[in-house]
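Here is a short briefing on the structure shown below.

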Amino acid sequence: MATSISPFISRDVAVIGAGAAGLVAARELRREGHKVVVFEQQPQVGGTWLYTPKVEADPLGSDPARRVVHSSLYASLRTNLPREVMGFLDYPFVSTGEPHRDSRRFPGHREVSFYLKDFAIRFGLSELIRFETEVVYAGLVEDEKWSVKFRSGDDAAAIDVEEIFDAVIVCNGHYTEPRLAEIPGIDSWPGKHMHSHNYRIPEPFRDQVVVLIGSAASAVDISTDIAQVAKEIHIASRSVEGGMLQKLCGDHIDNMWLHPMIESVQKDGSVIFCDGSVVLADVIIHCTGYKYHFPFLDTNGNVKVDDNRVGPLYKHVFPPLLAPGLSFVGLPWKVVPFPLFEFQSKWIAGILSGRIRLPWQEEMMADVSAFYSSLEASGTPKRYTHLLDGSQFEYDDWLASECGIPGVEEWRKKMYTATGKNRKARPDKYRDEWEDEDWILEAHKDFARRCPNGVAHN
């Protein structure tokens with residue numbers, strides 16, 4: 001039997017999370033005629049874009065009993081993509097010109113939070129959201145329905161409430177559960193070590209010798225941030241040649257050094273790198289990414305997280321054995337996130353109504369198996385299953401074709417590529433200096449065509 005449902009039927013759908021993914025999922029579901037309830041732990045929308053100075057009691061974020069702080073934002077964070085590229089397809093992320101807003105092309109995190117709030121207001125999404133409500137369980141019950149159990153408020157003694165839905169869409173983000181590097185000798189090392197999830201401001205590191213592990217965006221930003229006050233910054237990276245960090249260390253920041261990975265740490269506080277160099281350090285910061293984590297989800301073993309691969313999933317969205325009742329929005333990384341969330345959400349909404357059909361279950365499983373085999377053949381580690389990067393626009397365009405809508409605009413693709421080149425060429429200045437004015441002009445022409453009155457359509 002094909003994995004699809006009767007055409008053009010309104011479904012009761014639970015969306016878990018009211019960040020960017022949950023908001024656009026809710027909008028597309030309602031546009032398709034579904035009844036939507038969004039569950040959000042925080043008192044407002046925004047998800048990971050809601051900054052808080054609070055950090056977790058466990059600086060590594062490894063204690064399962066800790067009180068979790070959802071956001072991983074640091075105070076100085078600015079977007080590493082231009083706002084034209086970042087925005088949803090029919091709700092451009094343009095400057096409002098208001099004095100309390102950030103009009104920069106690569107704005108700070110607060111401006112992104114404002115944008116998501118504006119999006120929720122514009123499309124009337126707040127009425128769908130149950131704020132300060134934590135989902136503690138989501139699992140399949142009789143007649144292919146889904147039980148969602150939740151509790152409201154901050155009372156540990158609160159009673160769980162159950163509701164039944166036709167489908168569940170998981171939009172809980174993946175920047176909360178830290179991944180940690182394995183470091184021989186760390187248990188007896190006398191210094192402090194922490195994950196970047198719990199980094200907020202540089203001041204606590206004044207006059208200290210800091211070792212950071214990692215080479216992705218957070219490592220670049222945080223090392224640059226801390227270098228303003230620290231005595232020394234030493235970055236341990238798998239790739240030490242030709243990257244942004246090498247350019248920063250060599251050309252721009254005189255108290256920062258780049259090393260290969262850590263071989264071991266010692267009781268005297270020393271950190272030994274794989275090239276034999278040694279540093280006496282005060283702090284180690286793991287800028288090593290995050291793990292997918294769904295503590296509330298019961299799939300009876302049909303969906304597992306194995307070395308950060310969530311699977312089996314058809315096109316990073318549907319588990320074949322549970323489709324279309326369970327889906328995930330936002331798992332791919334190293335992508336332009338908001339448009340990708342939007343394409344995924346349109347696809348899911350259309351499938352749930354029956355307007356778009358999924359392949360047979362066996363076909364989906366065969367597709368997943370072929371995808372995994374291709375990763376293995378290319379030597380791609382399992383933990384990079386959801387890393388799209390260079391293939392993201394092909395993926396977006398495939399989703400768009402399934403939905404019968406245009407794919408990613410050419411200017412957005414070109415601007416993304418130009419930004420990447422500029423970031424590598426001048427990692428300390430790319431957010432404030434650029435040479436893609438032609439694509440900016442093209443983007444704003446497109447915005448004017450889509451929203452002739454400056455207002456996105458319902």
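Helix 4 (residues 217–226) lies across strand 10 (209–213), strand 11, strand 12 and strand 16 (283–286). Its direction is at about 175 degrees to that of strand 10, and angles over 145 degrees count as roughly antiparallel. The model is a predicted one.

- Five strands make up an open sheet, in the order 9-16-10-11-12. The pairing is parallel.
- Strand 9 (192–195) and strand 12 (256–259) are at the edges. Each has a single partner strand, so one side of each lacks a neighbour in the sheet.
- From one strand to the next, the twist averages 20 degrees.
- Strand 11 (residues 232–236) runs parallel to strand 12, and four bridges join the two.
- In this pair, Ala236 is opposite His259 of strand 12.

- Strand 14 (residues 270–273) and strand 15 run antiparallel and are joined by three bridges.
- Ile272 is opposite Val278 of strand 15.

**Helix 9 against helix 10**

- Two packed helices are described by the angle between their axes and the distance between the axes.
- Helix 9 (residues 410–425) packs on helix 10 (residues 437–450) at an angle of about 150 degrees. Their axes are 9 Å apart.
- Helix 9 and helix 10 are therefore roughly antiparallel. Their crossing is left-handed.
- On the helix 9 side, the contacts come from Trp411, Lys414 and Met415.
- These meet Trp439, Ile440, Glu442, Ala443, Asp446 and Phe447 in helix 10.

**Nonpolar cores**

- In soluble globular proteins, nonpolar side chains tend to be buried together.
- The largest nonpolar core has 90 residues. Phe338 and Trp347 touch the most other members.
- Helix 6 (residues 337–353) gives this core its largest share, nine residues.
- Beyond its neighbours within four places in sequence, Trp347 is in contact with Tyr314, Lys315, Val317, Phe318, Ile356, Leu358, Trp398, Leu399, Glu402 and Cys403.
- Another core, of 23 residues, lies apart from the largest one. Its members include Val168, Val170, Phe328 and Leu331.

Key
Residues are numbered from 1 along each chain as its sequence is written. This is a predicted model: local features need pLDDT of at least 70, side-chain atom pairs count only at pLDDT 80 or more; totals for chains, interfaces and linings use all residues. Side-chain values use heavy atoms; hydrogens and water are left out. A nonpolar core is a set of buried Ala, Val, Leu, Ile, Met, Phe, Trp, Tyr and Cys residues joined through side-chain atoms within 4.5 Å. Buried means under 20% relative accessible area, exposed over 50%, partly exposed in between (1.4 Å probe, protein chains only). Contact means heavy atoms within 4.5 Å. Two strands pair if DSSP finds at least two bridges between them. Axes are lines fitted to C-alpha atoms, for helices over the stretch in contact, and angles run from 0 to 180 degrees between N-to-C directions. Angles under 35 degrees count as roughly parallel, over 145 as roughly antiparallel, 65 to 115 as roughly perpendicular and the rest as oblique. A crossing is left-handed if the near helix is turned anticlockwise from the far one by less than a right angle, and right-handed if clockwise.
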